[in-house]
Amino acid sequence: MNSISTKNATVFFNNEVYTALNTYIKTSKPSTIFILVDTNTHDYCLPKFLERLESEDIVIEVMEMPNGEEHKSIDICSGVWEALSEYNADRKSLMINLGGGVVTDLGGFVASTYMRGITYINIPTSLLAMVDASVGGKTGVDLGTLKNQVGVINEGKMVGVDTSFLDTLPQNEMVSGFAEMLKHGLIYDKDYWHTLTHLEKLDLSDLDQLIYDSIIIKNTVVTSDPTEQGLRKILNFGHTLGHALESYFLENADKTPLLHGEAIAIGMILESYLSTKVCGLSLEDLEDITTGILKTFSKVDITKQDQNSIIDLLKYDKKNSHGVVKFVLLEAIGQPKIDCVVSNDFILEAFEYYAG
Ligand code: NAD
């Protein structure tokens, strides 16, 4: 598979990852290599990664954080900044983020801010991080349960997608990553959407090409608008309500937290319904989207009281301007429209539609 050039970095695939990474280390000679992992990627991915890393005589330090979205926090960043400092990291140090989107988002942020920025490389190990989180340079952490409220846009040097890491990824995490692939189809490519929703099952054998196609879509959008002035906003389809749902389920002790992709899947159905109300999405497309998503994602119970609290959380969305919530909606599958405004009544109707 050919590598993909992003604005400032390159995405490599499978064996090429190690060739490119080892060459980079040989030529750039970092002072120390820091590898950030979480509890799971420490056990499942690090041994395999270290086997293929040629670090010459450069010291490698491994930093481990606990796994899970609740740890994508400033507290954990502080711990990692302190560890870097204790190990005398300098501006010639290299940070490698080996993990899912939590590790790549947090690690990218830590590297972008430590000593005003050291070089980092993402090695995504979850499907979601491969197709989305590790590419495009958005880094950051949550503020309490509010998603991604603190961060910077700063691309790493390289992304290395070794799909064999998916062998140990739990099935529910595979499904979560699939949501962002579906989103790429919905906002950019009807044929890709059609292929994904007509797969017999999510099989590792056809996955390499589908992952590649997803990264191409994300990268095309990001390179045309790296700082999210316009087009890049389309990547937020499903995320306005999706992030509010994710925060709400995370902060409520009596709810089981939703995985990022599970929340986005619901967000995409709700926002497709809104699209029929304010920007002309056909009922046929709505039906296709709802059926396509529910083929993979089970329905989640969202009570009337939950709905009002979720609507309340929309005020924290990063796309808002002057207190107005701005949605990305669809005019048709593959045709997004940014900066749409909808009434709360339509949002409540969307929840009713989702509940069926
Ligand atoms: P995650 O990082 O929590 O990973 C999911 C789980 O899988 C974790 O428990 C992790 O330890 C485990 N895991 C990862 N790789 C594994 C492997 N190979 N084998 C076994 N277990 C493995 O979550 P995620 O779904 O990867 O990413 C979600 C995060 O990504 C969210 O915080 C979201 O906001 C962020 N995100 C960022 C962007 C961006 O552009 N920066 C885009 C989309 C999502």
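How many nonpolar, polar and charged residues are in the shell around the ligand? By class, that shell has 8 nonpolar, 10 polar and 10 charged residues (Ala, Val, Leu, Ile, Met, Phe, Trp, Tyr, Cys and Pro count as nonpolar, Asp, Glu, Lys and Arg as charged, and the others, Gly among them, as polar).

This is a predicted model, where local features need pLDDT of at least 70 and side-chain atom pairs count only at pLDDT 80 or more, while totals for chains, interfaces and linings use all residues. Residues are numbered from 1 along each chain as its sequence is written, and side-chain values use heavy atoms, with hydrogens and water left out.

**View 1. Who surrounds the ligand.** Count 28 residues around the ligand (a heavy atom within 4 Å), the closest being Asp38, Glu69, Ser126, Lys147 and Thr168. Domain 1 (4-168) and domain 2 (172-355) each supply at least three residues of the shell; the bounds come from an automatic or database domain assignment.

View 2. The side chain of Ser126 puts an N or O atom 2.5 Å from a ligand oxygen. For Gly101, a backbone N or O atom sits 2.8 Å from an oxygen of the ligand, and a polar side-chain atom of Asn67 is 3.1 Å from one. The protein covers 93% of the 860 Å² of accessible area that the ligand has on its own (Shrake-Rupley method, 1.4 Å probe).

**View 3. A strand pair.** Strands β3 (residues 32-38) and β5 (residues 94-99) run parallel, paired over 4 bridges. Strands are DSSP E runs of at least two residues, numbered from the N terminus, and pairing takes at least two DSSP bridges. Leu36 has Asn97 of β5 as its bridge partner.

Technical notes:
A polar contact is a pair of N or O atoms within 3.5 Å; within protein, one must be able to donate a hydrogen and the other to accept it, and residues adjacent in sequence count only if both atoms are side-chain atoms.
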